[in-house]
Amino acid sequence: MSTSAEHKEKAESNEFFASSLQNPFWDWAVTGTFYAAVHYVEAYLAKHNPPVHSRNHNVRDSNVQGDAVLSTIYDDYRELKNECHDARYQAHITFTQGDVQRLQANLDAVKRAVVPLI
């Protein structure tokens, strides 16, 4: 299992990846932004004693909802997840720079909640 530091490094890498993309790759920026949130959440969970590791998205959703800190950012996390799903599977949906900026605000909320604790 990955450590908190490894998850944080992966989150920062995904965040950098997402920030480096431009038109026509806004869908990949949306995806990268969500996966940055995934790894920030996992970095936080890995700091628990004993460490918590989510086996899949459904388990992670439960972990987010059931944790006192993470439950405060559940709506932000869920929006990132839903938009990422659409970016990957809904070919008729076109994402814009504005969408990426809007979702960055959700990622910022996740980071404000967990980064001080990892």
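I take buried to mean under 20% relative accessible area, exposed over 50%, and partly exposed in between, with a 1.4 Å probe and protein chains only. Helices are DSSP runs of H or I of at least four residues, and strands are runs of E of at least two, numbered from the N terminus.

The model is predicted, and I note that local features need pLDDT of at least 70, that side-chain atom pairs count only at pLDDT 80 or more, and that totals for chains, interfaces and linings use all residues. Residues are numbered from 1 along each chain as its sequence is written, and side-chain values use heavy atoms, with hydrogens and water left out.

**Entry 1. Helix H5**

I began with helix H5, residues 97-114. Its 18 residues should span 26 Å at 1.5 Å a residue, and the end C-alpha atoms are 26 Å apart, which agrees. The expected span of a helix is here 1.5 Å times one less than its number of residues.

I then asked which residues of H5 are buried. They are Asp 99, Val 100, Leu 103, Asn 106, Leu 107, Ala 109, Val 110, Ala 113 and Val 114. Seen down the axis of H5, these buried residues fall within an arc of 165°, so they line one face of the helix. The arc is that of the directions from the helix axis to the C-beta atoms. On the face turned away from the buried side of H5 I found the exposed residues Gln 101 and Arg 112.

Against what do the buried residues of H5 pack? I recorded helix H1 (4-20), helix H2 (26-46) and helix H4 (74-89).

**Entry 2. The largest nonpolar core**

A nonpolar core is a set of buried Ala, Val, Leu, Ile, Met, Phe, Trp, Tyr and Cys residues joined through side-chain atoms within 4.5 Å. The largest one has 29 residues, and Leu 70, Ile 73, Tyr 77 and Val 110 touch the most other members. H2, H4 and H5 are the elements that give two or more residues to this core. The largest share, eleven residues, comes from H2.

I looked up the contacts of Val 110, where contact means heavy atoms within 4.5 Å. Leaving aside residues up to four places away in sequence, Val 110 touches Ala 37, Tyr 40, Val 41, Ile 73, Asp 76 and Leu 80.

I next turned to H2 itself, which has 21 residues. From its first C-alpha to its last, H2 reaches 30 Å, close to the 30 Å expected at 1.5 Å a residue. H2 is mostly covered, with 18 of its 21 residues buried.

**Entry 3. Aromatic pairs**

Rings of Phe, Tyr and Trp (its six-membered ring) pair if their centres lie within 6.5 Å; planes under 30 degrees apart count as stacked, over 60 as edge-to-face and the rest as tilted. By this rule I counted two aromatic pairs.

Phe 34 and Tyr 35 form an edge-to-face pair, at 4.9 Å centre to centre and 70° between the planes. The rings of Phe 34 and Tyr 77 have their centres 5.6 Å apart and their planes at 50°, so this pair is tilted. The latter pair links distant parts of the chain, with Phe 34 in helix H2 and Tyr 77 in helix H4, 43 residues apart.

Phe 34 and Tyr 77 are both buried, and the relative accessibility of Phe 34 is 0%. Tyr 35, at 25%, counts as partly exposed.

Ser 4 is placed in helix H1 and counts as buried at 10% relative accessibility. What does the side chain of Ser 4 reach at 2.8 Å? It is the backbone oxygen of Ala 43. Ser 4 touches Ala 43, Ala 46, Lys 47 and Ile 118, not counting residues up to four places away in sequence.

His 7 lies in helix H1 and is buried, with a relative accessible area of 10%. With residues up to four places away in sequence left out, His 7 touches Ser 2, His 39, Glu 42, Ala 43 and Ala 46.

**Entry 4. Loops**

I found a cis peptide bond joining Asn 23 and Pro 24, with omega about 10°. Pro 24 is in the loop between H1 and H2. A cis peptide bond also joins Asn 49 and Pro 50, with omega about 5°. Pro 50 is in the loop between H2 and helix H3 (57-66).

Is Thr 94 buried or exposed? Thr 94, in the loop between H4 and H5, is exposed, with a relative accessible area of 65%. The C-alpha atoms of Thr 94 and Glu 83 are separated by 11 Å, and the two residues are eleven residues apart along the chain.

Methods. A polar contact is a pair of N or O atoms within 3.5 Å; within protein, one must be able to donate a hydrogen and the other to accept it, and residues adjacent in sequence count only if both atoms are side-chain atoms.
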